[in-house]
Amino acid sequence: MRSPIFMAAGLALFTSKILADSILSEPLSSQQILPDNFKPPQVFQNVNLLRNTNLEKGYVRETVNVVIENVDSKPQDQYYIPFSADVIDKVGGLEVRDKKNPGPPFKTEIVEYDPYSPTQFFRTTLPQPLSPKSQLTLSITYHILSTLTPLPFKIAQIDRQYLRHTFSTYTPSAYPTLKQKTKLKFSTPNVPDAIGGSPEKQGTTFTYGPYNDAIPAGALEPASVRYEFTKPVIHATLLERDIEISHWGGNLATEERYWLTNQGAHLKNNFNRVQWAQTERGFGYTPPTSALRELNVPLKVGSLNPYYTDDIGNVSTSHFRSSRKEAVLELKPRYPVFGGWKYSFRIGWDANLKSFLRVLKTPEGGHALKVPFLEGPRMGEGVSYGKVEVRVLLPEGAKNVKFETEVPLVAVEETMHRTFMDTVGRTTLKLTAMNVVDEARDKPLIVTYDYPFSAAFRKPITIFLGIVAVFATAWGIGRLDVSIGNQS
C-alpha cells in the first residue's frame with residue numbers, strides 16, 4: 001500500500017464520545033447455544049405488526065414495525081426474533097429501536113446457533129423491563145444477502161432478468177400476532193408471477209393482508225414472487241480496506257481490494273462481443289442489462305492521486321472527477337461482468353490527514369481519527385458484502401488504542417505491521433464485519449490513540465542513526481590497510 005460512515009459531526013459531540021471510558025465496540029454475536037427444544041417464553045404478544053420488504057436492490061431489506069404487549073404477570077425485557085437455519089447466517093445489520101423514541105439500538109445478540117436446530121433466534125434486551133399489560137412499539141430493521149435467485153437461471157445476453165423472492169405472508173414471530181400486514185416494494189411493476197396469498201397490487205407495491213385473525217407463534221404461509229430486475233446483482237465476497245496514517249507526511253492513504261461477483265442469471269450461450277458492442281453504442285440509448293458495466297465510487301472532497309488496478313495491472317478505463325463539491329472515481333472493468341462471472345481489483349487514493357484527525361489536549365498526546373468504516377461503490381442496484389476487513393495502520397509508537405463504530409463486528413484484532421524503516425512496527429487495528437450492505441457507507445469509525453512526542457521522532461532518529469552507521473562503516477573500511485606488500 002502506498003504511504004503518504006448516524007453520528008453527529010459536531011466537534012463537541014465527537015470529542016465527548018471519543019473520550020468515553022468504554023469506547024470499545026462489541027461484536028453483535030455472542031453465539032450462546034440453547035437446547036434444540038428451546039421455545040421463547042410466551043410473555044409477549046404482537047398487537048399490531050407491519051412488515052415492509054424492499055426488493056429494489058440486489059438484496060432483501062426488511063423493516064418490521066410491531067406493537068408488543070407484555071401478557072405476563074411480571075415485567076419482561078427479552079424479546080426473541082426467529083429466523084430459519086438456512087437464513088440466519090445471511091442476516092446482517094439487525095437493529096431494534098423504540099420507534100416512538102428514536103435513540104441508540106437495543107442490545108441484540110444471537111442466542112442459538114445450533115446447526116441442527118431448524119429455527120434460531122436473535123434476542124433483544126429492552127433498556128427497561130416492560131410492565132405487565134404495557135405496550136411498546138419496536139422498529140426492527142435488517143437485510144438478508146444472497147437469497148434472491150434468478151428465474152430462469154440462464155438467459156440470453158440481451159434478455160430481461162427476473163428474480164424470485166420466497167417468503168411467508170405471515171411474518172415469522174416467536175409470539176402470537178393479533179393483526180398484521182406485509183408489503184413488498186419492487187423497482188418495477190413487471191411482476192409476472194405471484195404464488196401464494198392474495199396480494200393487493202398497486203403500482204410497484206404488493207400488500208398481503210391485513211390479517212385480523214390471531215396468528216399463533218411460529219405460523220408460516222409460504223409464498224413467492226418473480227419480478228423483473230434487469231440489473232447486476234453485485235456482491236463482494238470479500239473487501240479488504242486499509243487506512244494508513246502518516247503524521248510526518250500529513251497524509252491519509254486508503255486502499256480497497258475487492259473480490260466481486262454478479263449473482264444474477266448466467267448466460268445461456270457464449271459471450272458475444274459484437275452484440276455487446278452494438279448495445280453499448282446504442283445511438284444515445286443504452287438498454288438495461290444484467291451485466292455490470294461500471295462502478296461509481298464517491299470519495300471525500302479533496303481526495304487525491306486515485307489509482308485503479310486489477311490482476312493484470314493498471315486499468316486505464318477509469319475517470320476521476322474532482323471539484324469543490326464532490327469527488328467521484330468512475331470505474332469501468334476490463335470486461336462486462338455477467339451472472340456468475342467474477343472480477344477482482346483494487347483502488348486507492350490519498351487525502352489530507354487534517355480533515356480526519358484531531359489532536360486532543362491530553363498529557364499522553366491523544367489523537368482522534370474519524371473515517372468512514374465503509375466507502376466503496378454507490379449503485380442504484382445496491383452492493384452487498386459477505387465479509388469486510390478494515391485495517392487501520394497507526395503511526396509507529398501509537399498505544400492505548402480504542403475505537404467506536406455502529407457497524408456490528410464479529411472480530412477485533414490488534415497487531416504490529418512492519419514497513420520501511422520501522423523499528424518495532426506500526427500498531428494496526430483490524431476490524432471484521434459480516435453481511436454488510438452499501439447502506440453502511442459513511443458510517444463513522446472513530447479511533448483514538450496516544451502518540452507521545454518522543455514517538456514522533458523515532459523514525460527520523462532511526463534514519464539519522466542509519467546514515468551515521470553507513471558513514472561510520474565506510475570510514476572504518478577506508479581506514480583498513482588491505483595492501484599485500486610489506487610495510488616500511
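**Note on a predicted protein model**

1. Asn435 is buried, with a relative accessible area of 11%. The structure discussed here is a predicted model. Asn435 belongs to strand 29, and its phi is near 55 degrees, a positive value in a residue other than glycine. Most residues other than glycine have a negative phi.

2. Although Ser146 is not a glycine, its phi is positive, at about 55 degrees. Ser146 sits in the loop between strand 7 and strand 8. Is Ser146 buried, exposed or partly exposed? Ser146 is partly exposed, its relative accessible area being 32%.

3. The bond from Leu151 to Pro152 is cis, with omega near 5 degrees, and Pro152 is placed in the loop between strand 8 (149-150) and strand 9. Gly209 and Pro210 are likewise joined by a cis peptide bond, with omega at about 10 degrees. Pro210 is part of strand 14 (residues 205-211). For context, most peptide bonds are trans.

4. The overall make-up is as follows. The protein contains four helices and 30 strands. It has 488 residues, and buried residues make up 48% of them. The accessible surface comes to about 24700 Å², with 54% of it belonging to carbon and sulfur atoms.

5. The next topic is the largest pocket. It holds about 1100 Å³ of space. Its lining consists of 46 residues, and those nearest its centre are Pro82, Phe83, Ser84, Pro172 and Leu220. Several elements give two or more residues to this lining, among them strand 1 (44-55), strand 2 (60-70), strand 6 (119-130) and strand 15 (222-228). Which strand gives the largest share of the lining? That share, six residues, comes from strand 3. Sorted by class, the lining has 25 nonpolar, 13 polar and eight charged residues.

6. The structure holds 21 salt bridges. One of them joins the side chains of Asp438 and Lys57, at 3.6 Å from N to O. Asp438 lies in the loop between strand 29 (426-437) and strand 30 (444-450), and Lys57 in the loop between strand 1 and strand 2, so this pair ties together parts that are 381 residues apart in sequence. Asp438 is buried, with a relative accessible area of 7%. Lys57 also counts as buried, at 16% relative accessibility.

7. Another salt bridge links Glu228 with Arg160, the closest N and O atoms being 2.6 Å apart. Why does this pair tie together parts that are 68 residues apart in sequence? It does so because Glu228 lies in strand 15, whereas Arg160 lies in the loop between strand 9 (154-155) and strand 10. The two partners may be set side by side in their accessibility. Glu228 counts as buried, at 10% relative accessibility, whereas Arg160 is partly exposed, with a relative accessible area of 47%.

8. The side chains of Glu256 and Arg241 meet in a salt bridge as well, at 2.6 Å from N to O. Since Glu256 lies in strand 17 (residues 251-262) and Arg241 in strand 16 (residues 234-246), the pair ties together parts that are 15 residues apart in sequence. Are Glu256 and Arg241 buried or exposed? Glu256 is buried, with a relative accessible area of 0%. Arg241 is buried too, with a relative accessible area of 1%.

9. A network of salt bridges links Glu240, Asp242, Glu255, Arg257, Arg346 and Arg391. The reader may wish to find these six residues in the structure above.

10. The last point concerns the surface. Which residues make the nonpolar surface patch of about 380 Å²? They are Ile461, Phe464, Leu465 and Val468. Phe464 is found in helix 4 (residues 458-479). With a relative accessible area of 54%, Phe464 is exposed, because the cut-off for an exposed residue is over 50%.

Definitions and conventions. Residues numbered from 1 in each chain as written. Predicted model: local features only at pLDDT ≥ 70, side-chain atom pairs only at ≥ 80, totals over all residues. Heavy atoms only, no water. Buried < 20%, exposed > 50% of the residue type's maximum accessible area, 1.4 Å probe, protein only. Areas by Shrake-Rupley, 256 points an atom, 1.4 Å probe, with all protein chains shown as cover. 1 Å grid on protein atoms, 1.4 Å probe; cavity = no way out; pocket = protein on both sides within 12 Å on 5 of 7 lines; lining within 4 Å. Points joined across faces, edges and corners; volume = space filled by probe spheres on them. Nonpolar A, V, L, I, M, F, W, Y, C, P; charged D, E, K, R; others polar. Salt bridge = Lys/Arg side-chain N within 4 Å of Asp/Glu carboxyl O. Patch = residues over 30% accessible without salt bridge, like charges linked within 9 Å, V, L, I, M, F, W, Y side chains within 5 Å.
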